[in-house]
Amino acid sequence: MKAVLFLVFGLLAIANGKIFSRCELAQKLEASGMDGYHGYSLADWICLVQWESDYNTEAIDHDSDGSTDYGIFQINSRWWCNNYQTPTSNGCGIDCSELLSDNIDVAIQCAKRVVRDPNGMAAWYGWDSHCRGRDLSSYVEGCGV
């Protein structure tokens with residue numbers, strides 16, 4: 001019985017995803033070459049993630065156009081990943097489910113692809129509405145990055 005309970009609760013813990021702390025994410029993104037990537041600061045990326053997913057790797061948001069945003073960067077199924085439910089350009093060449101992992105390496109690579117698009121970070125409404133043109137130094141303050 002204990003083994004069954006452990007298995008059930010273990011699976012529930014896995015299904016909940018990871019919620020990064022601000023500084024933990026800043027350190028991971030810096031180590032992944034995001035600071036200055038395509039002209040965007042590390043603070044831009046942290047601000048984007050706070051407003052898009054609140055640092056949650058398993059965040060999912062259904063958009064009014066029928067597409068869905070996935071993961072810590074809220075990457076959209078219409079343009080960047082395949083969810084096998086809606087038409088897609090699949091610009092990152094991945095299944096959307098890969099963006100929901102606690103290991104955010106695939107999500108980081110896809111976010112880098114998105115930001116290389118002509119819209120840059122303006123592709124994300126959270127960044128465009130809350131981060132663009134603002135002093136974002138507080139997003140990395142005290143993180144040692």
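Cys-143 is buried, because its relative accessible area is 3% and the cut-off for buried is under 20%. This value, like every other here, comes from a predicted model. The partner of Cys-143 is Cys-23, and a disulfide joins the two with an S to S distance of 2.1 Å. The link connects distant parts of the chain. Cys-23 sits in helix H2, which covers residues 22–31. Cys-143 lies in the segment after helix H5 (125–130).

Is Cys-23 buried or exposed? Cys-23 has 19% relative accessibility, so it counts as buried. The limit is under 20%. The bond also has a handedness. The torsion about the S-S bond of Cys-23 and Cys-143 is about -70°, so this disulfide is left-handed.

## Other disulfides

How many disulfides does a search of the whole structure find? The search finds four. One of them joins Cys-47 to Cys-131, with S to S at 1.9 Å. Cys-47 is in helix H3 (residues 42–53), and Cys-131 is in the segment after H5. This pair also links distant parts of the chain, 84 residues apart. The torsion about its S-S bond is about -90°, so the link of Cys-47 and Cys-131 is left-handed. Both ends are hidden. Cys-47 counts as buried at 0% relative accessibility. Cys-131 is buried too, with a relative accessible area of 1%.

Another disulfide is formed by Cys-92 and Cys-110, whose sulfur atoms are 2.0 Å apart. Cys-92 belongs to the loop between strand E3 (75–76) and helix H4 (105–116), while Cys-110 is in H4 itself. They are 18 residues apart. The angle about this S-S bond is 85°, and the link is right-handed. Cys-110 counts as buried, at 3% relative accessibility. Now number the bonded cysteines in sequence order. The pairing then reads 1-8, 2-7, 3-5, 4-6.

## Helix H4

H4 has 12 residues. From its first C-alpha to its last, H4 reaches 17 Å. That is close to the 16 Å expected at 1.5 Å a residue.

Which residues of H4 are buried? They are Ala-107, Ile-108, Cys-110, Ala-111, Lys-112, Val-114 and Val-115. The cover over these buried residues includes H2, H3 and E3.

## The nonpolar core

In soluble globular proteins, nonpolar side chains tend to be buried together. Here, the largest nonpolar core has 42 residues. Which members touch the most other members? They are Leu-25, Leu-29, Trp-45, Phe-73 and Trp-124. H2, H3 and H4 each supply at least two residues of this core. The largest share comes from H3, with seven residues.

Take Trp-45 as an example. Set aside its neighbours within four places in sequence. Trp-45 is then in contact with Leu-29, Met-34, Tyr-37, Tyr-40, Phe-73, Ala-111, Val-115, Met-121 and Trp-124.

## Two tyrosines with positive phi

Most residues other than glycine have a negative phi. Tyr-55 has a positive one, near 70°. Tyr-55 is found in the loop between H3 and strand E1 (60–62). Tyr-55 counts as buried because its relative accessibility is 9%.

Tyr-84 also has a positive phi, of about 60°, although it is not a glycine. Where is Tyr-84 found? Tyr-84 is in the loop between E3 and H4. Its relative accessible area is 60%, so Tyr-84 is exposed. The cut-off for exposed is over 50%.

## The whole chain

The protein chain has five helices and three strands. Read along the sequence, the pattern is α-α-α-β-β-β-α-α. The chain has 145 residues, and buried residues make up 41% of them.

What share of contacts between residues at least 6 apart in sequence joins residues at least 24 apart? The share is 53%. The accessible surface of the chain comes to about 7900 Å². Carbon and sulfur atoms hold 53% of that surface.

How values were computed
Residues are numbered from 1 along each chain as its sequence is written. This is a predicted model: local features need pLDDT of at least 70, side-chain atom pairs count only at pLDDT 80 or more; totals for chains, interfaces and linings use all residues. Side-chain values use heavy atoms; hydrogens and water are left out. A disulfide is a pair of cysteine sulfur atoms within 2.5 Å. Helices (H or I, at least four residues) and strands (E, at least two) are DSSP runs, numbered from the N terminus. Buried means under 20% relative accessible area, exposed over 50%, partly exposed in between (1.4 Å probe, protein chains only). The expected span of a helix is 1.5 Å times one less than its number of residues. Contact means heavy atoms within 4.5 Å. A nonpolar core is a set of buried Ala, Val, Leu, Ile, Met, Phe, Trp, Tyr and Cys residues joined through side-chain atoms within 4.5 Å. Accessible areas come from the Shrake-Rupley method with a 1.4 Å probe; for residues, only the protein chains shown count as cover.
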